[in-house]
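I opened the notebook for a new model today. Here is what I looked up, step by step.

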Amino acid sequence: MSELKTPHAGDDRAKDDDVVALLMRQHGDIRNLFDEVEAAEGEERRDAFRRLVRLLAVHETAEEEVVHPFARRRLPGGEQVVEDRLAEEKAAKETLAALDEMDTDDPEFLPRLMKLRADVQEHARAEERYEFTHIRRSTDVTGLAAMAKAVKAAEAMAPTRPHPGVESGAKNMALGPVAALMDRTKDAVRKAMGSGG
C-alpha cells in the first residue's frame, strides 16, 4: 500500500495570487488531513493530528487577520457575517483544545474528532458562501494578490508535512506552542500586508 501523503496547497506550484483559490485549497488540505488522522493509528495518527492542529491554527489566524477585516468593511451585513464566523471558530478551537489534551488512542478521540470535523466543514462552507464569493466579486486582481501574499505568509508557519524530531516529548505542552504559533502567524501576516500590499 502506498504511503499516505497529504497534499499541500503549494504542491501544484500554482502562483497563489488569488486569495479565494488559495483558501479553498487550504480547506481541501484540512479535509485531507482529517482523512489522514482517521485512517492512521498509533504514532502516525499522533503525527497527522499535530499537523492538523497546526494547519487549523494557522488557517483560522490568517482568516481572522485577512478575510474577516475585509468582510467587515466591504460586505453588506459584514459585521454580523464575521461575528457568526468568529463564534464558529471559537467553538471549534475549544473542541480542538479538548482533543489536544487527549491521547489519540483514547476511545473518545475519534468520536470527538468527527464532531470537530463536522463543525469545521460547516464553518468552511459558510465562509465560502458568505465571505469568499463576495471577496472575489468586490476585489480587483491586485487586492486578491495582496491578500493571497498575506495568507501564504501564514501558511509558511504551518508545514503540513511531518518534520522528524519536532514533535518529540511535550504532548501536553501543545496548547502553549499552538498559541505561540498563532501569535507568530499574526506577526507574519501583518508584516506581509504591510510590505507592498
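**Overall.** I am working with a predicted model. I began with burial and found that 43% of the chain's 197 residues are buried.

**Fold.** I went through the secondary structure next and got 6 helices and 0 strands. Along the sequence the pattern reads α-α-α-α-α-α. I also checked contacts with a separation of 6 or more, and 78% of them join residues 24 or more positions apart.

**Aromatic rings.** How many aromatic pairs does the structure hold? I found 1. Phe 49 and Phe 109 form this pair edge-to-face, with 5.1 Å centre to centre and 85° between the planes. The pair links distant parts of the chain, as Phe 49 sits in helix α2 (residues 42-74) and Phe 109 in helix α4 (residues 109-138), 60 residues apart. I looked up their burial too: both Phe 49 and Phe 109 are buried.

**Cores.** Which residues touch the most other members of the largest nonpolar core? My list for this core of 22 residues is Val 19, Val 20, Leu 23, Val 66, Ile 135, Met 147 and Val 151. Helices α1 (19-39), α2, α4, α5 (141-155) and α6 (175-194) each give two or more residues to this core. I followed up on Val 151: leaving out residues up to four places away in sequence, Val 151 touches Val 19, Leu 22, Leu 23, Gln 26, Ala 62 and Val 66. Another core, of 18 residues, lies apart from the largest one and includes Val 37, Ala 92, Leu 113 and Leu 116.

Conventions. Residues are numbered from 1 along each chain as its sequence is written. This is a predicted model: local features need pLDDT of at least 70, side-chain atom pairs count only at pLDDT 80 or more; totals for chains, interfaces and linings use all residues. Side-chain values use heavy atoms; hydrogens and water are left out. Helices (H or I, at least four residues) and strands (E, at least two) are DSSP runs, numbered from the N terminus. Buried means under 20% relative accessible area, exposed over 50%, partly exposed in between (1.4 Å probe, protein chains only). Contact means heavy atoms within 4.5 Å. Rings of Phe, Tyr and Trp (its six-membered ring) pair if their centres lie within 6.5 Å; planes under 30 degrees apart count as stacked, over 60 as edge-to-face and the rest as tilted. A nonpolar core is a set of buried Ala, Val, Leu, Ile, Met, Phe, Trp, Tyr and Cys residues joined through side-chain atoms within 4.5 Å.
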